[in-house]
Amino acid sequence: MDANEQFTDSIDALKKTGVRITPQRKAVLKYMIETEEHPTADDIFKALSDEYPNMSVATIYNNLKLFKDTGLVKELTYGDSSSRFDFITDTHYHIICSNCGKITDFHYPGLEEVEQLAGSVTEYDVSHHRLEIYGLCPECREQM
Ligand SMILES: [Zn+2]
Ligand SMILES: [Zn+2]
C-alpha cells in the first residue's frame, strides 16, 4: 500500500467515526503517514506551524488521540518525556537510542512464534507483545 492509499483509507476510517475532516486534521494525518520518525505532538507542531499558523499543539494532540482511538496510530510511551506516535503499518519493532531518544524501526518476523509459544506453554490467550531494544544510534556513536 503506498502513501496515497494509506491516506485515502485513513480518511475513510475517520469519516466512519463521524468526525469532521478539517484541513488541519488532514495535514497531521499526512505528516504521520509520510514521516520516518516517531514524532511527538511538539515535533509535528514545529513541522507544520509555518503552513498552519493557527494550529496549536493541543489541536495536534487531540488529532493524535483521535487517530489512536480510530486505530491509525500507536502511542509509544517509554516512561520518560512526552509520548511519541507511530502510524500503524505492519508489525515492527523499535530500537531506541538511549542518548538522544531517536526510535528506528526494524522487522523481525520470528517473534510471531514467541506469542504462540507463550500461549501454548502458559495457556494464556495471548493478545500482543512488546519488545524494545536499546543502544546508541549511529549519529550519537559518531559524537562519542
Ligand atoms: Zn542517538
Ligand atoms: Zn515504528
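This is a predicted model: local features need pLDDT of at least 70, side-chain atom pairs count only at pLDDT 80 or more; totals for chains, interfaces and linings use all residues.
Student: How many helices and strands does the chain have, and what pattern do they follow?
Tutor: The count is six helices and five strands. Walk along the sequence and you get the pattern α-α-α-α-β-β-β-β-α-β-α.

Student: How is the chain divided, and how far apart are the C-alpha centres of the domains?
Tutor: Domain 1 takes in 3-87, and domain 2 takes in 93-143. The whole C-alpha trace spans about 50 × 45 × 30 Å along its principal axes. Between the C-alpha centres of the two domains, the separation is 23 Å.

Student: Are α2 and α4 roughly parallel or roughly perpendicular to each other?
Tutor: Helix α2 covers residues 23-34 and helix α4 covers residues 57-69; their axes lie 10 Å apart. The packing angle is about 65 degrees, and angles of 65 to 115 degrees count as roughly perpendicular. The crossing is right-handed. So the answer for α2 and α4 is roughly perpendicular.

Student: Which residues in α4 does α2 meet?
Tutor: On the α2 side, the residues involved are Gln24, Arg25, Val28, Leu29 and Met32. In α4 they meet Thr59, Ile60, Asn63 and Phe67.

Student: In the open sheet of three strands, which are the edge strands?
Tutor: The strand order is β4-β3-β5, with mixed pairing. An edge strand here pairs on one side only. That leaves β4 (103-106) and β5 (132-135).

Student: What is the average twist from one strand to the next?
Tutor: Take the sheet in its order, β4-β3-β5. Going from one strand to the next, the twist averages 25 degrees.

Student: In which sense does β3 pair with β4, and what stands opposite Tyr93?
Tutor: Strand β3 runs over residues 93-97, and four bridges join β3 to β4 in the antiparallel sense. Tyr93 has its opposite number in β4, and that residue is Phe106.

Student: Which residue takes a positive phi in the hairpin of β3 and β4?
Tutor: Look at the five residues between the two strands of that hairpin. The phi in question is near 85 degrees, and the residue is Gly101.

Student: In which sense do β3 and β5 pair, and what is the bridge partner of Cys97?
Tutor: Four bridges link β3 and β5, and the sense is parallel. Follow Cys97 across to β5 and its bridge partner is Gly135.

Note on methods. Residues are numbered from 1 along each chain as its sequence is written. Chains are lettered from A and ligands numbered from 1 in the order in which they are written. Domain bounds come from an automatic or database domain assignment. Two strands pair if DSSP finds at least two bridges between them. Axes are lines fitted to C-alpha atoms, for helices over the stretch in contact, and angles run from 0 to 180 degrees between N-to-C directions. Angles under 35 degrees count as roughly parallel, over 145 as roughly antiparallel, 65 to 115 as roughly perpendicular and the rest as oblique. A crossing is left-handed if the near helix is turned anticlockwise from the far one by less than a right angle, and right-handed if clockwise. Two residues are in contact if their C-beta atoms, placed from the backbone, lie within 7 Å.
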